[in-house]
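Subject: Structure handover and notes

Dear colleague,

Please find the structure below, followed by my notes on what was found in it.

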Amino acid sequence: MYGGKDHDKAGEIANEVLKGISGKVKVGAQLAEVCEQVESEIISLGGQPAFPCSVAVNEYAAHYAPLFGDKSTIPENSIVKVDFGVHINGYICDCATTLNFNPALTHLEKASKESLRAAVEVVREGVTIAELGATIHGVMKRYNVNPVFNLTGHTLGRYTVHAGLSILNHDNNVQAALSAGDVIAIETFSSTGAGYVHDRGRPGIYAIVEPKNVRNAVARKILSKVYPERQTLPFAERWLHKIEGSGFAIQNALKDMEQAEVLLSYPPLSEQVGAMVSQHECTLLVEKNGFHVIGGDYR
Ligand code: CO
């Protein structure tokens, strides 16, 4: 669902953050600090994070939102995906870019970047998921890399990051088509590996699915703080430490809430160790004869 001025403003903020990203993402920088900087810049420009900023290094493809206390830094020769979202009144611009510090991976970076551009250029009412997938996969093949088969772009709804339709990054036979008025995020992932990601490590991202009360007092406190502000939009474990100091109590509360099906968790998604992943993403409005770019790195 397109939100007009609010949506375009979310896109402008996203583009502004993207412009400054190479000044923040540097070898030796702390992942958590990059996330904090991106999120606070979004807020200072008048938006809100639509979900926690993710900084995914090398084989990590997505959903790497550092946990509170994570001191890990950007290693030398790495390839780093920064994925963030901006929303204004629930209208979301979802975008991502890659910073590559490894000269041997230039082709991988180009594969995700050029496949995104190619896909954007065929967007119009009636284009099918099959056509988009073939366009993206075709570019990946030219660079001799795989798309990530189990990560997709998606439609965006108001206050909803994944609104139902998945935009596959590989050759497929899905005849579902885009409609004028759809807001979509196309996100292309290229991999030097087999092109499959799996859950790996403790989740740093959560979303409330049903705001019912649980016995745990810390959980009740989290719910009463987070739900009015976020509704069902994702939030970071890291953010909760401003509400409740102790990491142990927070971990227990999150566990209880997950068991009670109040929360969903999103663990980091990783390729096999040794495989490298690149990503580019932008958000578009589908129009009858083309598209309107809301924001993101697609050039
Ligand atoms: Co996305």
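The expected span of a helix is 1.5 Å times one less than its number of residues, and helices (H or I, at least four residues) and strands (E, at least two) are DSSP runs, numbered from the N terminus. Before using this, please keep in mind that the model is predicted, that local features need pLDDT of at least 70 and side-chain atom pairs count only at pLDDT 80 or more, while totals for chains, interfaces and linings use all residues. Residues are numbered from 1 along each chain as its sequence is written, and side-chain values use heavy atoms, with hydrogens and water left out.

Helix H5

Helix H5 covers residues 129-142, and its 14 residues should span 20 Å at 1.5 Å a residue, which agrees with the 20 Å between its end C-alpha atoms. Several of its residues are buried, including Ile-129, Leu-132, Ile-136 and Val-139, where buried means under 20% relative accessible area, exposed means over 50%, and partly exposed lies in between (1.4 Å probe, protein chains only). The cover over the buried residues of H5 includes helix H4 (106-121), strand E5 (146-147), strand E7 (166-167) and E8, with contact meaning heavy atoms within 4.5 Å. After H5 comes Asn-144, whose phi is positive, near 60 degrees.

Two further positive phi values

Most residues other than glycine have a negative phi, which is the background for the next two cases. Asn-58 has a positive phi near 55 degrees although it is not glycine; Asn-58 lies in the loop between strand E1 (48-57) and strand E2 (60-62) and is buried, with a relative accessible area of 14%. His-63, also not a glycine, has a positive phi of about 60 degrees; His-63 sits in the loop between E2 and strand E3 (79-88) and is partly exposed, at 30% relative accessible area.

The cobalt site

Which protein donors does the cobalt ion have? They are Asp-94 (OD), His-154 (NE2), Glu-187 (OE) and Glu-281 (OE), lying 2.1 to 2.3 Å from the ion; donors are N, O and S atoms within 2.8 Å of the metal (3.2 Å for Na, K and Ca), and because water is not among the atoms, sites may look incomplete. The angles among the 4 donor atoms run from 83 to 169 degrees, and the site is irregular. For that label, four donors count as tetrahedral if all angles lie between 85 and 135 degrees, four count as square planar and six as octahedral if opposite donors are over 155 degrees apart and all others between 65 and 115, and anything else is irregular. Along the chain the donors follow the spacing D-x59-H-x32-E-x93-E. Distant parts of the chain are linked by the pair of His-154 in strand E6 (residues 153-155) and Glu-187 in strand E8 (residues 183-191), which are 33 residues apart. His-154 is buried at 1% relative accessible area, and Glu-187 is buried at 7%.

Val-183 is also in strand E8, and Val-183 counts as buried at 0% relative accessibility. Leaving aside neighbours within four places in sequence, the contacts of Val-183 include His-154, Thr-283 and Ile-294. The C-alpha atoms of Val-183 and Asp-94 are separated by 10 Å, although these residues are 89 apart along the chain.

Strand pairing

Two strands pair if DSSP finds at least two bridges between them. Strand E14 (residues 277-287) and strand E15 (residues 290-296) run antiparallel and are joined by 6 bridges; they form a hairpin with 2 residues between them, and Thr-283 stands opposite Gly-295 in E15.

An open sheet of 3 strands has the order E11-E10-E12, with antiparallel pairing. Strand E11 (235-236) and strand E12 (263-266) stand at the edges, each with a single partner strand, so one side of each has no neighbour in the sheet. Strand E10 (residues 205-208) pairs with E12 over 4 bridges, and Tyr-206 stands opposite Ser-265 in E12.

Another open sheet of 3 strands, again with antiparallel pairing, has the order E2-E13-E9. Its edge strands are E2 and strand E9 (198-199), each of which pairs on one side only.
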